[in-house]
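Q: I am new to this structure and would like a close look at one part of it. Please take me through that part step by step.

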Amino acid sequence: MKFATKAIHEGVSPDPATGAIMTPIYQTSTYVQEGVGNHKGYEYSRTLNPTRHALEKNLAAIENGNFGACFASGLAAIDCVIKMLNPGDEVISTNDLYGGSYRIFKTIFEKYGLVFHFVDMTDVHHIREKVNANTKMIWVETPTNPMMNIIDIAAVAEIAQSVGALLCVDNTFATPYLQSPLDLGADIVMHSVTKYLGGHSDVIMGALVTKNEKIAQEIYRIQNSSGAVAGPMDSFLVLRGIKTLHLRMERHSENGEKIAHFLAKHPKVEQVYWPGFPDHPNHLVAAKQMRGFGGMISFTLKGNRLEDALRVVERVNLFALAESLGGVESLIGHPATMTHASIPKEEREKSGVVDSLIRLSVGIEAVEDLLEDLENALG
Ligand SMILES: *Cc1c(COP(=O)(O)O)cnc(C)c1O
């Protein structure tokens with residue numbers, strides 16, 4: 001079945017009780033049992049809820065996996081993955097990493113005896129250098145935030161398999177429409193569903209998908225034991241969002257490409273970070289493992305002045321100044337003072353987050369209006 005058909009049909013079927021074509025919001029904590037242990041597959045909504053279950057099956061299908069699990073946030077999904085590990089285990093992670101992932105690794109899990117290494121994975125030799133007998137997981141985020149670096153998932157999967165470590169890929173930026181990590185050898189795909197999958201900036205949610213039944217059982221055990229599950233109302237909203245994921249991603253990518261080219265030619269712009277450009281350092285890997293380049297773009301201004309960047313993000317009208325990404329509406333952000341403000345200037349500049357860096361989450365509005373907005377703000 002093709003992606004668009006799966007997005008609309010997988011996991012969902014008309015409600016057996018009423019024929020309702022849309023999966024109802026089963027806003028219930030518990031389920032009546034006809035006799036002890038005699039029930040219809042649902043006992044308690046932390047363990048399983050029909051609305052969440054439909055979404056979990058849908059997500060598994062669009063990620064080309066067999067099992068899905070939905071959580072109260074992307075970070076709750078990450079929390080579940082790391083809880084599969086034991087004290088002394090080591091994780092090798094991308095250095096250019098979502099700030100919240102870095103925070104949970106360093107400030108929550110390190111004190112339980114887990115060891116995290118952060119390396120530049122655009123060159124996979126850096127991973128081989130850190131691998132040892134305790135390496136139990138490799139954590140990849142690609143494209144990275146906000147520098148839009150691309151990591152070769154298949155090459156990392158080969159390393160992970162050679163040492164028996166699990167490979168988990170945060171697929172939030174690319175979405176299953178543009179990138180299928182499980183087909184490239186990843187064991188687990190993680191999502192901040194909050195972003196493109198939900199797609200309308202109205203839900204906080206996370207998800208995990210795997211092909212492997214043993215890994216799935218461990219995920220479900222932790223999901224049920226730790227309890228950070230997604231609620232039925234939110235699950236309904238995301239089921240609705242995913243029905244248009246393919247259309248949205250097409251337009252995000254189309255608009256993204258036009259805006260990337262506009263920025264590259266603009267006299268006030270120094271550099272544009274977008275993996276679709278042939279001279280992007282990881283363009284070949286992106287072209288190999290992605291089906292499109294998406295709507296996330298970062299750029300810097302000539303002269304690299306903080307006040308110029310702040311003026312641009314404040315002068316836009318259509319682009320909203322906000323954290324987050326992946327909604328239908330365009331957002332603009334200034335990493336140095338927003339998402340990366342807690343990282344010392346020298347540290348963030350090493351990875352490219354300079355004072356004039358601006359990040360765009362290009363929405364699906366008419367691109368002419370977005371271009372005009374940027375032209376006015378830069379002018
Ligand atoms: C937002 C985000 C997360 C965290 O997800 P939440 O839903 O905010 O908890 C993790 N990874 C990436 C790449 C993100 O953009």
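Which side chains meet in a salt bridge, N to O? Please set that pair in the setting of the interface between domain 1 and domain 2.

A: Start with the pair itself. The model is a predicted one. In it, the side chains of Asp 152 and Lys 288 form a salt bridge, at 2.9 Å from N to O. Between domain 1 and domain 2 the count is one salt bridge.

Now place the two domains. The domain assignment gives residues 3–242 to domain 1 and residues 245–378 to domain 2. The centres of the domains, taken over C-alpha atoms, are 26 Å apart. Domain 1 brings 36 residues to the contact, and domain 2 brings 37 residues.

Next comes the area. The size of an interface is often given as the accessible area lost when the parts come together. Here, about 3,100 Å² is buried between domain 1 and domain 2. Carbon and sulfur atoms give 59% of that area. On the side of domain 1, three residues stand out: Met 147, Leu 178 and Tyr 196. They supply 26% of the area that domain 1 buries against domain 2, more than any other three residues.

Polar contacts also cross the interface. The rule finds 18 residue pairs in polar contact there, with both residues at pLDDT 80 or more. Several helices of domain 1 take part in the side that touches domain 2. Helix H1 (3–9), helix H6 (153–163), helix H7 (175–178) and helix H9 (232–242) each supply at least two residues of that side. By type, the residues on that side of domain 1 are 22 nonpolar, 12 polar and two charged.

Now turn to one residue of domain 2. His 266 sits in the loop between helix H10 (245–265) and strand S8 (269–273). Is it buried or exposed? His 266 counts as buried because its relative accessibility is 8%, and the cut-off for buried is under 20%. A polar atom of the His 266 side chain lies 3.1 Å from the backbone nitrogen of Lys 268. Beyond its neighbours within four places in sequence, His 266 is in contact with Glu 375 and Leu 378.

Pro 50 is found in helix H2, residues 50–62. Pro 50 is buried too, with a relative accessible area of 13%. Residues up to four places away in sequence aside, Pro 50 touches Thr 23, Tyr 26, Tyr 31 and Tyr 42.

Conventions: Residues are numbered from 1 along each chain as its sequence is written. This is a predicted model: local features need pLDDT of at least 70, side-chain atom pairs count only at pLDDT 80 or more; totals for chains, interfaces and linings use all residues. Side-chain values use heavy atoms; hydrogens and water are left out. Domain bounds come from an automatic or database domain assignment. Contact means heavy atoms within 4.5 Å. Buried area is the accessible area (1.4 Å probe) that two parts lose on being put together, summed over both. A salt bridge is a side-chain nitrogen of Lys or Arg within 4 Å of a carboxyl oxygen of Asp or Glu. A polar contact is a pair of N or O atoms within 3.5 Å; within protein, one must be able to donate a hydrogen and the other to accept it, and residues adjacent in sequence count only if both atoms are side-chain atoms. Helices (H or I, at least four residues) and strands (E, at least two) are DSSP runs, numbered from the N terminus. Ala, Val, Leu, Ile, Met, Phe, Trp, Tyr, Cys and Pro count as nonpolar, Asp, Glu, Lys and Arg as charged, and the others, Gly among them, as polar. Buried means under 20% relative accessible area, exposed over 50%, partly exposed in between (1.4 Å probe, protein chains only).
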